[in-house]
Amino acid sequence: MKAVNIHEGIDNTLMILEHRFKAKSNSLTIQVIKEYGDLPLVECYAGQLNQIFMNLLANAIDALEEAVENDIALRKQNYVKSFCRSRWYIHRYCCRY
């Protein structure tokens, strides 16, 4: 164990995950805003703490990407429903049931 600066660990983790913040096809760009407070050095196992930061941030990115994918799928599904509904109304109007 040694005294470590938590901010440095978070910054290092963000640097490692930086490629995941950039937009891919049909994905979003993630903007990271760092607002660190003043923290004293913390006695800990830096590697283990950084692994926790890595897992938390990677899970958060995965959740955001999944939410975007689900939203896109939902929009496509609603478009298809709307399109089908519109065709049904047109068909019904033209055929005068």
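Tutor: To start, buried means under 20% relative accessible area, exposed means over 50%, and partly exposed is in between (1.4 Å probe, protein chains only). The model is predicted, so local features need pLDDT of at least 70 and side-chain atom pairs pLDDT 80 or more, while totals for chains, interfaces and linings use all residues. Residues count from 1 along each chain as its sequence is written, and side-chain values use heavy atoms, without hydrogens or water.

Student: Okay, which class does Glu18 fall into, then?
Tutor: Glu18 sits in the loop between helix 1 and strand 2 (42–44). Because its relative accessibility is 41%, Glu18 counts as partly exposed.

Student: In what order do the elements of the chain run?
Tutor: Helices (H or I, at least four residues) and strands (E, at least two) are DSSP runs numbered from the N terminus. The chain has 2 helices and 2 strands. Reading from the N terminus, their order is β-α-β-α.

Student: Within what arc do the buried residues of helix 1 fall?
Tutor: The buried residues here are Ile6, His7, Gly9, Ile10, Thr13 and Leu14. Seen down the axis, with directions taken from the helix axis to the C-beta atoms, they line one face of helix 1, because they fall within an arc of 160°.

Student: And which exposed residues does the face of helix 1 turned away from its buried side carry?
Tutor: In an α-helix there are 3.6 residues a turn, so residues three or four places apart point the same way. On helix 1, the face away from the buried side carries Met15 and Ile16.

Student: How far is the side chain of His7 from the backbone oxygen of Gly37?
Tutor: His7 is in helix 1, and it counts as buried because its relative accessibility is 16%. Beyond four places in sequence, His7 is in contact with Tyr36, Gly37 and Leu39. The His7 side chain reaches the backbone oxygen of Gly37 at 3.1 Å.

Student: What residue caps the N-terminal end of helix 1?
Tutor: Look at the backbone nitrogen of His7: a side-chain oxygen lies 2.8 Å from it. The capping residue that owns this oxygen is Asn5.

Student: How far apart in space are Asn50 and Thr13?
Tutor: Asn50 lies in helix 2, and since its relative accessibility is 25%, it counts as partly exposed. Beyond four places in sequence, Asn50 is in contact with Gly9 and Thr13. Asn50 and Thr13 are 37 residues apart in sequence, yet C-alpha to C-alpha the separation is 6.7 Å.

Methods. A polar contact is a pair of N or O atoms within 3.5 Å; within protein, one must be able to donate a hydrogen and the other to accept it, and residues adjacent in sequence count only if both atoms are side-chain atoms. Contact means heavy atoms within 4.5 Å.
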